[in-house]
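Biologist: Can you walk me through this one? I'd like the contacts and the surface.

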Amino acid sequence: MSEECCESLRAESLTRIYHYLDGELTTTEIREISVHLEQCPSCHDEYEIEALLKELVRRSCSREQAPMGLREKIRQRIATEQSVWPGSGA
């Protein structure tokens, strides 16, 4: 895929990069994207940015847990919202 092609399909390219980073693709799709990233500087740059961002979020969120009081408030809010909006619950 050429850089111009990727530019015109930016949203689709980013979605595939997100799925690639999250391990949500088949082996064939992973291979295709890996090859593409090696050949397309624009997509490779996007991949690097998203990979760094994902790692930063992972590190930032894994150190501490939410306080128990906050967790309970969130659970109560979810229960309230589900009762107010029928069909929105699991």
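**Contacts and surface**

Modeller: Disulfides first: the structure holds 0, a disulfide being a pair of cysteine sulfur atoms within 2.5 Å. This is a predicted model, where local features need pLDDT of at least 70 and side-chain atom pairs count only at pLDDT 80 or more, while totals for chains, interfaces and linings use all residues. Residues are numbered from 1 along each chain as its sequence is written, and side-chain values use heavy atoms, with hydrogens and water left out.

Biologist: And C40, buried or exposed?

Modeller: C40 is buried, at 1% relative accessibility. C43 is buried too, at 2%. Buried means under 20% relative accessible area, exposed over 50%, and partly exposed in between (1.4 Å probe, protein chains only).

Biologist: What does UniProt place at residues 15–44?

Modeller: The UniProt record, an unreviewed entry, has "domain: Putative zinc-finger" there. Such annotations may be inferred rather than shown by experiment. In the model, residues 15–44 are 80% helix and 0% strand. The end C-alpha atoms of that stretch are 14 Å apart. Helices (H or I, at least four residues) and strands (E, at least two) are DSSP runs, numbered from the N terminus.

Biologist: Switching topic. How many salt bridges?

Modeller: The count is 5, taking a side-chain nitrogen of Lys or Arg within 4 Å of a carboxyl oxygen of Asp or Glu. One of them joins R16 and E32, at 3.9 Å from N to O. R16 sits in helix α2 and E32 in helix α3 (residues 27–39), so this bridge ties together parts 16 residues apart in sequence.

Biologist: What does K54 pair with?

Modeller: K54 bridges to D22, with the closest N and O atoms 2.4 Å apart. K54 is in helix α4 and D22 in the loop between α2 and α3, so parts 32 residues apart in sequence are tied together. K54 is partly exposed at 38%, and D22 likewise at 39%.

Biologist: How many aromatic pairs?

Modeller: The whole structure has 1. Rings of Phe, Tyr and Trp (its six-membered ring) pair if their centres lie within 6.5 Å; planes under 30 degrees apart are stacked, over 60 edge-to-face, the rest tilted. Y20 and Y47 are edge-to-face because their planes are at 65°, with centres 5.6 Å apart. The pair links helix α2 (residues 10–21) to helix α4, 27 residues apart.

Biologist: Which residues form the nonpolar patch on the surface?

Modeller: L53, L56 and V57, with about 250 Å² of accessible area together. Patch residues have over 30% relative accessible area and no salt bridge; nonpolar side chains (Val, Leu, Ile, Met, Phe, Trp, Tyr) are joined within 5 Å, like charges within 9 Å. Areas come from the Shrake-Rupley method with a 1.4 Å probe, and for residues only the protein chains shown count as cover. L53 lies in helix α4 (residues 41–61).
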